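Subject: Structure handover

Hello,

Here is the structure you are taking over. My notes on what was found in it follow below.

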Amino acid sequence: MKQFLLLLPFLLSGCQLADRESMQVKQVAEDWAEAYFHFDYQQAARYTTAEGYRWLQFAASNINEADIDVINQYINDITTSVSDVYVGNDTMAVAAVHVNHWFSPDSIGYAGSMKSDGTFDVELVKRNGEWKVRMACLPQSEMQSRD
């Protein structure tokens, strides 16, 4: 029993550390999602790894005038939230981001459309002590409405 009491502070501090990491991951994922899904790619870049920046550039370069018309009509309806966080280890995590009223692009030359909701798994990595979203491609909804 005495050994357990000696280990208790270490066990509790480990839980607090995991909770703190989870909270940091959630905050970065929320900030990134808010910026990304509101088309503020400059702000989203603050929460993205350096190699993910090219995906933000790609997303921005593929928005056309017809897309902008659709986006401007619904931009105030877009909401984001992080519903779940999984911290795999001290340098890798995944956050489930739920987005209401998100823009789904179509092929080049055609206007995209707004979807009522979708869930996106967002990967995060810890670099130089900071959590960043790792974009290996454009976000894909795991669950989306048929709108």
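To begin with the second largest pocket: strand 3 gives the most to its lining, with four residues. Strands (E, at least two residues) and helices (H or I, at least four) are DSSP runs, numbered from the N terminus. A pocket is found on a 1 Å grid over the protein atoms alone, as an open set of points with protein on both sides within 12 Å along at least five of seven lines, and its lining residues have an atom within 4 Å of a point.

Please keep in mind that this is a predicted model, in which local features need pLDDT of at least 70 and side-chain atom pairs count only at pLDDT 80 or more, while totals for chains, interfaces and linings use all residues. Residues are numbered from 1 along each chain as its sequence is written, and side-chain values use heavy atoms, with hydrogens and water left out.

Pockets

The second largest pocket holds about 220 Å³ of space; a volume is the space filled by probe spheres set on the grid points, which are joined across faces, edges and corners. Its lining has 14 residues, and Asp121, Glu123, Arg134, Cys137 and Pro139 lie nearest its centre. Nine of the lining residues are nonpolar, one is polar and four are charged. Here Ala, Val, Leu, Ile, Met, Phe, Trp, Tyr, Cys and Pro count as nonpolar, Asp, Glu, Lys and Arg as charged, and the others, Gly among them, as polar.

The largest pocket has a volume of about 410 Å³. It is lined by 24 residues, with Tyr36, Phe103, Ser104, Pro105 and Leu138 nearest its centre. Strand 2 (92-104) supplies at least two residues of this lining, as do helix 1 (2-37), helix 3 and strand 5. Strand 2 gives the most, with three residues. By class, the lining of the largest pocket has 15 nonpolar, seven polar and two charged residues.

Salt bridges

How many salt bridges does the structure hold? There are four, a salt bridge being a side-chain nitrogen of Lys or Arg within 4 Å of a carboxyl oxygen of Asp or Glu.

Glu123 and Arg134 meet in one of them, at 2.9 Å from N to O. This pair links distant parts of the chain: Glu123 is in strand 3 and Arg134 in the loop between strand 4 (130-133) and strand 5 (141-144), 11 residues apart. Glu123 is partly exposed at 38% relative accessible area, and Arg134 is partly exposed at 33%. Buried means under 20% relative accessible area, exposed over 50%, and partly exposed in between (1.4 Å probe, protein chains only).

Arg127 forms a salt bridge with Glu51, with the closest N and O atoms 2.8 Å apart. Arg127 is in strand 3 (residues 113-127) and Glu51 in the loop between helix 2 (41-45) and helix 3 (53-61), 76 residues apart.

In the bridge between Lys132 and Glu130, the closest N and O atoms are 3.9 Å apart. Lys132 counts as buried, at 19% relative accessibility, whereas Glu130 is partly exposed at 46%.

A charged residue without a bridge

Asp67 lies in helix 4 (residues 65-74). Asp67 is buried yet has no salt bridge, and the nearest side chain of opposite charge, Lys115, is 12 Å away. Lys and Arg count as positive and Asp and Glu as negative; His and the chain ends are not counted. Which residues does Asp67 touch, not counting those up to four places away in sequence? They are Asn62, Phe103, Tyr110, Ala111 and Gly112, where contact means heavy atoms within 4.5 Å.

Regards

Methods. On a 1 Å grid over the protein atoms alone, a cavity is a set of points where a 1.4 Å probe fits but cannot get out, and a pocket is an open set with protein on both sides within 12 Å along at least five of seven lines; lining residues have an atom within 4 Å of a point.
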